Amino acid sequence: MFKITVNKEDVTNITIVDLSEHPELKPTLRTFGAGLPGYKLGWFRLANGAKAYLAVSSDKAVVIKLKDDTLVILTPKNIDEFIDRLRELGWIRD
């Protein structure tokens with residue numbers, strides 16, 4: 001099982017991106033995880049050199065940047081509800 005814990009105080013930025021429009025976020029090396037066509041889970045090195053934890057099954061994704069420049073890239077089933085919940089919990093301030 002692959003797991004990551006993210007603390008609110010470690011988050012510097014949360015954005016929604018279309019991964020197909022951001023080639024720098026393309027995983028280039030799997031360091032610990034599973035990579036299947038259309039699905040990536042675990043730790044990867046990205047095209048821009050960043051270390052990232054991915055749980056990705058589509059192009060529309062939430063990118064969470066941490067203080068140590070690690071990225072957490074997720075594709076929740078309903079991104080809008082996910083973002084709304086993060087706002088409610090104080091993770092995102094508009």
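Reply: **Salt bridges and their setting**

R87 has a relative accessible area of 35% and is therefore partly exposed; the class lies between buried (under 20% relative accessible area) and exposed (over 50%), as found with a 1.4 Å probe on protein chains only. The model is predicted, so that local features need pLDDT of at least 70 and side-chain atom pairs count only at pLDDT 80 or more, while totals for chains, interfaces and linings use all residues. Residues are numbered from 1 along each chain as its sequence is written, and side-chain values use heavy atoms, with hydrogens and water left out.

The partner of R87 is D84: their side chains meet in a salt bridge at 3.7 Å, N to O. The term denotes a side-chain nitrogen of Lys or Arg within 4 Å of a carboxyl oxygen of Asp or Glu. D84, at 41% relative accessibility, is likewise partly exposed. Because R87 and D84 are three residues apart in helix 1 (residues 79-88), about one helical turn separates them. Helices (H or I, at least four residues) and strands (E, at least two) are DSSP runs, numbered from the N terminus.

Helix 1 also holds E88 and R85, again three residues apart and hence separated by about one helical turn. E88 forms a salt bridge with R85, the closest N and O atoms lying 3.0 Å apart. E88 counts as exposed, at 58% relative accessibility, whereas R85 is partly exposed, at 45%.

The structure holds three salt bridges, one of which joins the side chains of K65 and D69 at 3.6 Å, N to O. K65 is partly exposed, with a relative accessible area of 33%, and D69 is also partly exposed, at 47%.

The largest pocket contains about 280 Å³ of space. On a 1 Å grid over the protein atoms alone, a pocket is an open set of points where a 1.4 Å probe fits, with protein on both sides within 12 Å along at least five of seven lines, and lining residues have an atom within 4 Å of a point. Points are joined across faces, edges and corners, and the volume is the space filled by probe spheres set on them.

Sixteen residues line the largest pocket, with L19, P27, K40, V56 and D59 nearest its centre. Strand 3 (39-46) and strand 4 (51-56) each contribute at least two lining residues. The lining comprises eight nonpolar, five polar and three charged residues; Ala, Val, Leu, Ile, Met, Phe, Trp, Tyr, Cys and Pro count as nonpolar, Asp, Glu, Lys and Arg as charged, and the others, Gly among them, as polar.
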